[in-house]
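Good morning, and thank you for joining this meeting. Please look at the display.

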Amino acid sequence: MKPRRIAWGVEFLSHAIAVAAVAFALYPVLWVVSLALNPAGTPAPRAAPWPEVLSLVNFRAVVSSSNSAGEWLFGRQLLNSVLVSSATAAVSVLIATPAAYALARFRFVGERTAMKALLATQMFPGVATAVPLYVMLDTLKLLDTRAGLVLVYATTALPFALFQLRGAFEAIPRDLEEAAMVDGATRWQAFVLVVLPAARPAIAVTCLFAFMAAWNEFILAATFLSRESAFTLPVALQRYVGEYDAAWGRFAAGAILVSVPVMAIFYAVQRHLVGGLTAGSVKG
Amino acid sequence: MAAVTLRALRKTLGENAILRGIDLHLNDGEFVVLVGPSGCGKSTLLRTLAGLEEPDSGQVLLGDRDVTLRPPRDRDVAMVFQSYALYPHLTVRENLAFGLRLRKTPEAEIARRVARVAEMLSIASLLDRLPKDMSGGQRQRVAMGRAIAREPSVFLFDEPLSNLDAALRAQVRVEIKKVHQTLKTTMIYVTHDQVEAMTLADRLVVLSAGTVEQEGPPLEVYRRPASMFVASFLGSPAMNFVAATVAPDLARVTAEGLSLGFDAARFRGKVSAGQSVMVGVRPHDVSRRPDGGLRFTVDVVEPMGFEAYAHGRVGETPFVMRLDGHDALPAPGDQLSAAADVDSVHIFDPVTRKALG
């Protein structure tokens, strides 16, 4: 009987720890939800993470926000965020994919140096380059533009994408492309028809990461954007909690609205996140 | 269909000479097995034929066309990989059709060939499956089917059976032979498995350290190995070697615990009295005989059922002999007297390790 009781104790303890950890992680999230649903708009000094009154006032206010000229600001900013993030993902993955394939498959002069240089850029905190980037964007007349932001984001997302994809290509057996070449493909056809489909999960994940990084980025966007109609959502959000006014309710409602698309995308691509597409192609 | 000619092929990777001057001519329709231990260059040779490796020097001819520097797609060869290398995102049908589509084969012709191959290899029920939903044996079949559907002039097999379990391997081996008999296309098959080598080959090419050690029909290579390397590589258990001296009568070799007659005609003029040689005798060629010239001390007996192998010593040299499984088996420590026929006694030069006759 005794060992059984010990086992029960261990079981209970591990569950208790797990529940505590989940509560710790969920508490702030629940607080934000509660705040968003609270029409008073200011955080009440209480511990319970659920609202006393349920109201969608804050959401309505955020979604329908417009400027003095009557332009629908939220729509504009949402569009900015979607375009900038998608373009960042597209540009970085489009460049990183062939580059990563070359680094994974070919031996060439400067290969190791290139990898080290890429790694070095990853060590550097992005914010440190904010000032020179500002000057560059200013010179290029790209301040306050989506293109400028995409350019900055893509350069930071690119090395990460490259590392991710290089690993993915290295994991794809060479036999596959050699088989394709013996079957009559050029190296390019083998890459497009065989390697890329096999790397699809990794490419999807890399896209997602690049998209998310751009979607959530605040500091650089806040530095380079000054027109309200050029803001991305994180910058717009921050303006709800300003110097003279702290609309926490709208801030929280905005935060939820910003995270919903990311959650939706995650849900959509999670099929790809599960690897194993190459399972069965080689070995028994 | 095409003959294949290799001329003075050399290939070095870093410091390692992988191919050190390979000359081979394979006849149209021949089934040639390249066999050798790992690192002997057999896979590199096959990959050079496929166009996946470029030789440092030498020539590869398919038919009378020099393809040495041509990319794989211009060679009209098909290859079956050890790993099968099936395209993971394509169904079996699309895997079979892949090469044909690249070559812009008309759809009707593709459908015809896929159907023919599917029937030939009994994979018709698998056509709509993905590679990941099949067993190892089924994948192997599809990999073979993909090559067959191409109707190439030369087939290349790179250890195609080594990922299958023993029972399946025996079965697929027979199937490959059947496919060759049906298609009568030149096939080049790389393996380190001597059973595959012996059973499949019209011609065996034994490779060692980047050179051709011996080539010929498998039974001929087995019966007349040109070197101690070939002799020990083919046959299981491996051939026994004992250091011995040629007797003055030029018809016997002698050593401690060993006195065996050899084929005097075969070695005439090639050995001299008192010469130090290595004598090779296969375990299967030794039989118990009361007045035999071999005195064998038993250490371990391995009964296999219909036969048994006795591991022991002749003099101080380790030695293995085959015993009939129906006879009473000896015990460790027993002394046996045994003999071997004159034409199963091989004599090698102890320095060059080449056969003397």
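The largest nonpolar core has 164 residues, where a nonpolar core is a set of buried Ala, Val, Leu, Ile, Met, Phe, Trp, Tyr and Cys residues joined through C-beta atoms within 7 Å. The residues with the most contacts inside this core are B:V33, B:L34, B:M79, B:L156, B:I188 and B:V279. Helix α6 of chain A, residues 146–171, gives the most to this core, with 12 residues. Helices here are DSSP runs of H or I with at least four residues, strands are runs of E with at least two, and both are numbered from the N terminus. As a general remark, in soluble globular proteins nonpolar side chains tend to be buried together.

A word on the source: this is a predicted model, in which local features need pLDDT of at least 70, side-chain atom pairs count only at pLDDT 80 or more, and totals for chains, interfaces and linings use all residues. Residues are numbered from 1 along each chain as its sequence is written, while chains are lettered from A and ligands numbered from 1 in the order in which they are written.

Which residues does B:V33 touch, not counting residues up to four places away in sequence? They are B:Y189, B:T191, B:A197, B:L200, B:A201, B:L204 and B:V205; contact requires C-beta atoms, placed from the backbone, to lie within 7 Å.

Let us turn to the strands around this position. Strand β3 of chain B (31–35) pairs with strand β9 of chain B (203–208) in the parallel sense over 4 bridges, and pairing requires that DSSP find at least two bridges between the strands. B:V35 has B:V206 as its bridge partner in β9(B). β9(B) also pairs with strand β10 of chain B (211–216), in the antiparallel sense and over 5 bridges, with B:V206 opposite B:Q214. In the hairpin of these two strands there are 2 residues between them, and B:A209 takes a positive phi near 45°.

Chain B also holds an open sheet of 4 strands in the order β2-β1-β4-β5, with antiparallel pairing. Its edge strands are β2 (16–26) and β5 (65–66), each pairing on one side only. Within the sheet, β1 (4–13) and β4 (57–62) are joined by 5 bridges, and B:R10 stands opposite B:S57.

Next, the helices. Beyond its neighbours within four places in sequence, B:G137 is in contact with B:L164 and B:L168. Helix α5 of chain B (166–183) has 18 residues and reaches 26 Å from first to last C-alpha, close to the 26 Å expected, the expectation being 1.5 Å times one less than the number of residues. Just after α5(B), B:K184 takes a positive phi of about 55°.

Finally, the two chains together. How many residues of chain B are in contact with chain A? There are 29, and they meet 23 residues of chain A. β6 (77–80), α2 (92–102) and α4 (136–149) of chain B each supply at least two residues of that side.

Terms used
Contact = placed C-beta atoms within 7 Å. Buried ≥ 20, exposed ≤ 12 C-beta atoms within 10 Å, placed from the backbone.
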